[in-house]
Amino acid sequence: MKASNESTQKCKKDYERQLAKLWPALKGSLAQVFKPCIRKNCPACARGDKHAAWILSYTDQGRRRCLYVPEALVPLIRQGIENGRKLEQLLYRTGPALVKAHRQQIAKSPGNKGE
Ligand SMILES: [Zn+2]
């Protein structure tokens, strides 16, 4: 159906524009932990000062997993978690947007009463 197709295409463009801004999007949580290292005779560990490390917790096929995150990647991972929330919002908006756009398209079409 033509009307439906036009409204769908507009939604798709909006969706793609928003999706493009959401790289990277991920799910998980980032936490800082303090651990001793594996080096022998580490002065920091000898003093009892542990080393800060970042851990990403995530779920893989229902199983909780953890991964060390290099310091350099922390800002990107943080951004990814924030984008993951925005992506979820986008997903929630997409269904209603499709339905509303379809209705508007129907209302605009001559000789067509809404469904
Ligand atoms: Zn150490």
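In the predicted model, I81 touches L26, G28 and L30, leaving aside residues up to four places away in sequence. Contact here requires C-beta atoms, placed from the backbone, within 7 Å of each other. Residue numbers start from 1 along each chain, following the sequence as written. Because the model is predicted, local features need pLDDT of at least 70 and side-chain atom pairs count only at pLDDT 80 or more, whereas totals for chains, interfaces and linings use all residues.

I81 belongs to helix α3, which covers residues 74-108. Its C-beta has 18 C-beta neighbours inside 10 Å, so I81 counts as partly exposed. On this scale, 20 or more other C-beta atoms within 10 Å make a residue buried, 12 or fewer make it exposed, and values in between make it partly exposed; C-beta atoms are placed from the backbone. V33 lies 48 residues from I81 along the chain, and their C-alpha atoms are 18 Å apart.

The protein chain contains 3 helices and 3 strands. These are DSSP runs numbered from the N terminus (helices: H or I, at least four residues; strands: E, at least two). Their order from the N terminus is α-β-α-β-β-α.

The C-alpha trace spans about 85 × 25 × 15 Å along its principal axes. The radius of gyration of the protein chain is 24 Å, whereas a compact globule of 115 residues would have one near 13 Å. The radius is taken over C-alpha atoms, and the globule rule is 2.2 Å times the number of residues to the power 0.38. Buried residues form 3% of the 115 residues. Of the contacts with a separation of 6 or more, 55% join residues 24 or more positions apart.

Note on methods:
Two residues are in contact if their C-beta atoms, placed from the backbone, lie within 7 Å.
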